[in-house]
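Please keep the sequence and the structure in view while going through the points.

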Amino acid sequence: MVSFDEARTTILAHVQPLGTESVHLLEAVGRVLAEDLVAPWDMPLWDNSAMDGYAVRSEDCTTLPRQLRVTGFLPAGARADGVSIEPGCAVRIMTGAPAPPGCDAVVPVEDTDDGKETVTLLQPVKKGQHFRHRGEDMVAGLAFVKGGTVIRPPEINMLATFGMALAPVYRRPNVAILSTGDELIELGRTPSAGEIINSNTLSLAAAVREAGGIPRIVGIARDNRESHRKLMTEGLKADVLITSAGVSAGDHDFVREVLEELGARQVFWKVDMRPGAPTAFAMHGSTPVFCLPGNPVSTMITFEEFTRPALLRMQGYRAVHRPLFKAVLRDEQRKKPGRTQIVRVRLEREGGTWYASSAGKQETAILKTMVDAVALAILPAETTRFAVGDEVDVHFYGNHIDLV
Ligand code: AMP
Ligand code: MG
């Protein structure tokens, strides 16, 4: 039996980022960049105007009102070669257009009489105003995004700005999902007495997908060694294997035994937590194997706390746990010393404080409470009683939370 914290640390000590691949920018959002990206050129690539107005020499504009002769026009996309500003002259220029030689300031149209042949400046001009310098955003040869960065639309914009259509990212793990149990039937049939629909495979596949992995459904291993052997051998071909059920000490619990027979090394079995105690973690070569309890609530919570962080780490994420924040309890909670208790809660924010109330009955067999919970409160091992008004750590459960 290991503690909840030990279990989490141990798992992360056994996994590392998988290999890398190059994906198109549209596939890259949310992925982790596998290497530093270096700017191939300065950005902006030329001095240019930050306003629609007139490119001027600031030294020509010291007395007001000042009249300048307009000797050219530079719209966006124009080239500045051949255009220059002689003393006493200005060039009409649009935002983003290259600044012509001699220009060291741009006077916005609003600060002039908007003249075509000649222009009268109505406001004082400061050297460098509304003038963007080559390389002021990024300099060629410097890293503009570091490896390990999670790619968001701004990173995509910068890659595209530098002409990069592909992003080198850590690849997604293939995650085999294997259910076990003689009572299970597949979705599509109405269960008769004693039968249970294999719902875990579907919620696990969904959770794998939400965590960035690629679910590979292996099927149902029946409660005999041969069936376990066959499907586990198949499942071990993936980057990660998740099994559900058959991991307690029941007569028909073959998961750990058969895994060992197939050459896996058990790292731990049983975690001092509720729900989720009969969880096992093993390594088969470099393949992590998560043996999660079969009770759907326990399966989802142990996936959330143990498997999800591992899948994220395999994809190169550094921060793999959901951020914890404090919430004030609205219900009393009691538990055994030494055990980490995970409570399914609803959250409300009032006057800048989060309040957590129980989402329903907390027995592990109550699936509806899981549906009604937006967050999980993690009651630490040491404390045995939490009063109304006590603060506890909580984290959201799910990637998109609707707090209504
Ligand atoms: P076990 O660990 O095999 O004793 O299973 C624990 C509980 O989880 C039993 O009530 C099972 O019927 C239920 N269960 C096991 N596997 C699944 C599954 N794939 N989908 C839904 N419930 C399951
Ligand atoms: Mg079973």
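Predicted model: local features only at pLDDT ≥ 70, side-chain atom pairs only at ≥ 80, totals over all residues.

**Ligand site, helix packing and backbone**

Sorted by class, the residues of the shell around ligand 1 comprise five nonpolar, nine polar and one charged.

**Surroundings of ligand 1**

- Ligand 1 is surrounded by 15 residues, and the closest of these are Glu 183, Asn 198, Gly 246, Gly 294 and Asn 295.
- Glu 183, named among the closest residues, places a polar side-chain atom 2.8 Å from an oxygen atom of ligand 1.
- Backbone atoms also take part: a polar backbone atom of Ser 199 lies 3.3 Å from a nitrogen atom of ligand 1, and a polar backbone atom of Asn 200 lies 3.2 Å from a nitrogen atom of ligand 1.
- Taken on its own, ligand 1 has 490 Å² of accessible area, of which the protein covers 74%.
- In terms of secondary structure, at least two residues of the shell around ligand 1 come from each of β13 (174–180), β15 (196–197) and α4 (199–210).

**Helix packing around α7**

- Helix α4, which supplies at least two residues of the ligand shell, also meets helix α7 (residues 296–314), with axes that come within 10 Å and cross at roughly 30°.
- Because angles under 35 degrees count as roughly parallel, α4 is roughly parallel to α7, and the crossing of these two helices is right-handed.
- Helix α1 (residues 4–13) meets α7 as well, the two axes coming within 9 Å and crossing at roughly 25°.
- That angle makes α1 roughly parallel to α7, and α1 passes α7 in a crossing that is right-handed.

**Backbone features in loops**

- The peptide bond that leads from Met 43 to Pro 44 is cis, with an omega near -5°, and Pro 44 is found in the loop that runs between β3 (37–38) and β4 (48–49).
- Arg 274 and Pro 275 are likewise joined by a cis peptide bond, for which omega is about -5°; Pro 275 sits in the loop between β19 (271–274) and β20 (280–284).
- Ala 245 is not a glycine, yet its phi is positive, at about 75°, and this residue lies in the loop between β17 (240–244) and α6 (255–261).

Conventions. Residues numbered from 1 in each chain as written. Chains lettered and ligands numbered in written order. Heavy atoms only, no water. Near = heavy atom within 4 Å. Polar contact = N/O pair within 3.5 Å; in protein donor to acceptor, adjacent residues only side chain to side chain. Areas by Shrake-Rupley, 256 points an atom, 1.4 Å probe, with all protein chains shown as cover. Helix = DSSP H or I, 4+ residues; strand = E, 2+ residues; numbered from the N terminus. Nonpolar A, V, L, I, M, F, W, Y, C, P; charged D, E, K, R; others polar. Axes fitted to C-alpha atoms, helices over the stretch in contact; angles between N-to-C directions. Parallel < 35°, antiparallel > 145°, perpendicular 65-115°, else oblique. Left-handed = near helix turned anticlockwise from the far one by under 90°.
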